[in-house]
Amino acid sequence: MLIAILVLILLALIIGLVLGFSSIKFKVKGDPIVEKIDAILPQTQCGQCSYPGCKPYAKAIASGEADINQCPPGGEDGVKALAELMGVEYKPLDESHGITKPKSVAFIDEDTCIGCTLCIQACPVDAILGAAKQMHTIIEKECTGCELCLPPCPVDCITMEVIEENAENWKWKYPVYSLSKKTAKVQ
Amino acid sequence: MLENYLLIMVSTVLVNNIVLTKILGLCPFMGVSKKLETSISMSAATAFVLTIGSMTSWAINHYLLEPNNLVYLRTLTFIVVIAAVVQFTEMLMQKHFPVLYKMLGIFLPLITTNCAVLGIPLLNAQASYGLVESAFFGFGGAIGFSFVLILFASTRERLEGADVPEAFKGSAIAMITAALMSLAFMGFIGLDR
């Protein structure tokens, strides 16, 4: 009995040591290009690009599997930044993946909300606060405006509110230059 | 000697096929047989894990468990040791053979907890094979697994386009196909004299 316990402990110790050591020794750094693409993407995790989030889409772009123009929340500016990073020609946003909308956040009409938690499950960034049969509310700061909470709501109490530009959230627009005359014509 | 190894191989691939005769490893057999491509990746990962797993568990059994009269710990130690060894080789592979790593992909960690992977070392220990025999038994088992998995996957790919009656569509026809394959493999028992 004792020897069995000792043997198992010893085995676990050896395995733990070897695995721990080798995970440090054989560490592989992630593909840096994926990180760079991911940094450009808007991190809405909305899935409109037909990938389950921004990181998978970034991976797909890096492997050449997906095109650069499938991200509506990123808009034209995003496509331009991606074109520059990947060294490919700019192309207009693929409208089959949706159109760019003004930046907005979801808003729950708290009088209508029945507390079903369906929107909480749909939210990719955990921006909805609430519990079963309790009123839900949206953490405005966390909301990316991906609209994924709209379809599951059984009482349609969620609306998208456009963020008005005011003195608090105004910032300089990113400078945008057309890459060449040819692409300027496409626009 | 060589004849013995050859016999082990033939018997594990055809006569005592792990999937169709021993009914082990059915989960990947039904689960990843929808596409030929994934089934080939899965087969490669299984071959790798089974060969490595058979050898390491032989060593554990021979040098650690049997001298200490701890044979009853086989199941526990085999699971842990195989999982650890596969994890280790996976890290090694990711660093030094990225192509191989990409090919085996997600299947390598998935297969470690498969019942075929545990079953083969246990059968090895029961039959008290030596190191090389264990390796051949494991590899043969993997070849047998790959053989039926790839056959099944290609059959299922064709079934997609076949005119299957409404009630039998999907998993039902897959189960029937698997059963028919199992019946066919029973014919190989005749090889055993």
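Predicted model: local features only at pLDDT ≥ 70, side-chain atom pairs only at ≥ 80, totals over all residues.
## Chain B at a glance

Let's begin with the overall make-up of chain B. Its secondary structure comprises 9 helices and 0 strands, which gives the pattern α-α-α-α-α-α-α-α-α when read along the sequence.

Chain B has 193 residues, and 44% of them count as buried. If you look at contacts between residues at least 6 apart in sequence, 76% join residues at least 24 apart. The chain exposes about 10100 Å², with carbon and sulfur atoms supplying 68% of that area.

## Helices 3 and 4 of chain B

Helix 3 of chain B passes helix 4 of chain B in a right-handed crossing.

On the helix 3 side of chain B, the contact residues include Phe48(B), Ile52(B), Gly53(B), Thr56(B) and Ile60(B). Helix 4 of chain B contributes residues including Arg74(B), Phe78(B), Val81(B), Val85(B) and Met93(B). By class, this contact between helix 3 and helix 4 of chain B has 11 nonpolar, 6 polar and 1 charged residues.

## A loop residue in chain B

Now find Asn114(B), in the loop between helix 6 (107-111) and helix 7 (115-126) of chain B. Is Asn114(B) buried or exposed? Asn114(B) has a relative accessible area of 11%, so it counts as buried. Leaving aside residues up to four places away in sequence, Asn114(B) touches Gly25(B) and Pro28(B).

## Helices 2 and 3 of chain A

Over in chain A, helix 2 (residues 32-40) and helix 3 (residues 54-62) pack at an angle of about 125°, and their axes are 8 Å apart. These two helices of chain A are therefore oblique to each other. Helix 2 of chain A passes helix 3 of chain A in a right-handed crossing.

Which residues of chain A make this contact? Helix 2 of chain A supplies Ile33(A), Val34(A), Glu35(A), Ile37(A) and Asp38(A). From helix 3 of chain A come Cys54(A), Lys55(A), Ala58(A), Lys59(A), Ile61(A) and Ala62(A). The contact of helix 2 with helix 3 of chain A divides into 7 nonpolar, no polar and 4 charged residues.

Technical notes
Residues numbered from 1 in each chain as written. Chains lettered and ligands numbered in written order. Heavy atoms only, no water. Left-handed = near helix turned anticlockwise from the far one by under 90°. Helix = DSSP H or I, 4+ residues; strand = E, 2+ residues; numbered from the N terminus. Contact = heavy atoms within 4.5 Å. Nonpolar A, V, L, I, M, F, W, Y, C, P; charged D, E, K, R; others polar. Buried < 20%, exposed > 50% of the residue type's maximum accessible area, 1.4 Å probe, protein only. Areas by Shrake-Rupley, 256 points an atom, 1.4 Å probe, with all protein chains shown as cover. Axes fitted to C-alpha atoms, helices over the stretch in contact; angles between N-to-C directions. Parallel < 35°, antiparallel > 145°, perpendicular 65-115°, else oblique.
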